Amino acid sequence: MATTARDAALRALIACRRDGAWSDGALKSLLTGMERRDAALASRLCYGVLQNRMLLDFWIAAFAKGKLQPVVQDILRLAVYQLRFTDKIPASAAVNEAVEQTKLLANPAAARLVNGVLRAMLRTELPTPEDLATKYSHPQALVDLLEAQFGAEKTERLLHSHNEAPDTVLQVNTLVADVQRVLDELERHGADAQKHPWLENCITVSGTGDLEQLDAYKNGWFYAQDAAAKLAVNAAELQSGMQALDCCAAPGGKSFAAAIAMGNRGKLFSCDIHPHKLKLIENGASRLHISIIHTRLQDASQPVGEWEGKMDAVLADVPCSGLGVIRKKPDIRYKDLTQTERLPELQLAILKQQASYVKPGGVLIYSTCTILRRENETVAEQFLTENSAFSAETVHFPPDSGIPDAAMTTLLPCDHGTDGFFICKFRRNA
């Protein structure tokens, strides 16, 4: 187990670089048993380094000439982040721990280099990069892609928002608790919690540490889910007694929201292609006292004859590039974009298959956690062109949200404070 927050952050960064691990998964295993304050600091440091990696490397290269050992680069990134982006960690502590980490993981000569580089940075004003890619630590190919869609001004606001630390968003399980009860419990444990400004039965929290250790979590009073994902479920207008399907359900947030909206009455099928993810959904449903969820191992692009024309509502939150959740998963920005170019083909195939399960008069929700038009509006428009039995229908958003009512909506963190997300509603003609 990691002994300090900085030790945990460094180990997670090494795992991300060396093993291709996702930061959230690497941190989860390292933070088990750590005090909430230390766990929160370790997460902030790890995510902060990943959010600013290209900028940190730009600064490091200005002071450390030549090629560095990968682990020394990791240690310097972590230390420079503390020096430039935190105000509660003394510079001496950041430098000294970096030197000790280098002695342990590299060698004394590298430790002297780290000490010299960091102390030189403390004495000198750091250079400012001119390009958006380095300034906001997004690969140039991604910046180009976003600028082509959004223009330069909005792209810079978007890149800036990706490097901000979002609050954690919790949905209250109204089957067993209410907002005030959850707020009281969170505040009792030192979390800064308040009602969401415009989404009902929703709470934002910060300074939480590991929420899963709280009795309120164990008793099923809440679950974590961004407001954008909850809006996608709300768009389906689910009612008690319906039969519904969540075709790409893991890790289960939208299924839980749907079951709660249905008052835990009716039937809800939650599908995924990975057995271990179905177990996550089942465990979550049990914790939340939800009994109407039926998990099924199922490829969303393949047919299930018994479901044809039987569903009141189908939620199709399809596999995507994930570029809408860079705030929470900063490593996504560094993934190879060419691997996402064929996603629209899969997305359309899933959407067509899921459409066949919707009964006349029923609803089909198409959603993604990306902001790329080629995976969102383009797919939805092609579906409508090829499926005359369906019509686009306006989604009504909370009045105070500032989100215009529309049949197809792309949410952006820089505009709406949510994850980047696409929501589209279709209704099958009666």
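Cys202 is buried, with a relative accessible area of 2%, where buried means under 20% relative accessible area, exposed means over 50% and partly exposed lies in between, using a 1.4 Å probe and protein chains only. This is a predicted model, in which local features need pLDDT of at least 70 and side-chain atom pairs count only at pLDDT 80 or more, while totals for chains, interfaces and linings use all residues. Residues are numbered from 1 along each chain as its sequence is written, and side-chain values use heavy atoms, with hydrogens and water left out.

A disulfide is a covalent bond between the sulfur atoms of two cysteines; here it is taken as a pair of cysteine sulfur atoms within 2.5 Å. A search of the whole structure finds zero disulfides. For Cys202, the closest cysteine sulfur belongs to Cys369 and is 18 Å away, which is too far for a bond. Cys424 is likewise in no disulfide, since the nearest cysteine sulfur, that of Cys247, is 14 Å away. With 0% relative accessibility, Cys424 counts as buried.

The strands come next; helices (H or I, at least four residues) and strands (E, at least two) are DSSP runs, numbered from the N terminus. Strand E1, residues 168-172, is mostly covered, as four of its five residues are buried. Two strands pair if DSSP finds at least two bridges between them, and E1 pairs with strand E3 (residues 202-206) in the antiparallel sense over four bridges. Within this pairing, Thr168 has Val205 of E3 as its bridge partner. E1 is also joined to strand E4 (residues 222-224) by three bridges, again in an antiparallel arrangement, and there Gln171 stands opposite Tyr223.

Turning to the nonpolar interior, a nonpolar core is a set of buried Ala, Val, Leu, Ile, Met, Phe, Trp, Tyr and Cys residues joined through side-chain atoms within 4.5 Å. The largest such core has 47 residues, of which Leu76 and Leu118 touch the most other members. Two or more residues of this core come from each of helix H1 (5-19), helix H2 (23-31), helix H3 (36-51), helix H4 (53-63), helix H5 (70-85), helix H6 (91-105) and helix H7 (108-123). Contact means heavy atoms within 4.5 Å, and Leu76, leaving aside its neighbours within four places in sequence, is in contact with Ile60, Leu68, Val114, Val117 and Leu118. Apart from this core lies another, of 41 residues, which include Met262, Leu278, Leu288 and Val363.

Two further helices deserve a look. Thr134 lies in helix H8, residues 132-136, and counts as buried because its relative accessibility is 14%. Not counting residues up to four places away in sequence, Thr134 touches Met54, Leu55, Phe58 and Pro129. Helix H14, residues 253-261, is mostly covered, with eight of its nine residues buried; among them are Gly253, Lys254 and Phe256. Just after H14, Gly263 takes a positive phi of about 65°.

The last stop is a loop, the one between strand E7 (293-297) and strand E8 (311-317), where Gly309 lies. Gly309 counts as partly exposed because its relative accessibility is 30%. Leaving aside neighbours within four places in sequence, Gly309 is in contact with Ser356, Tyr357, Val358 and Lys359. Gly309 and Gln354 are 45 residues apart in sequence, and their C-alpha atoms are 9.9 Å apart in space.
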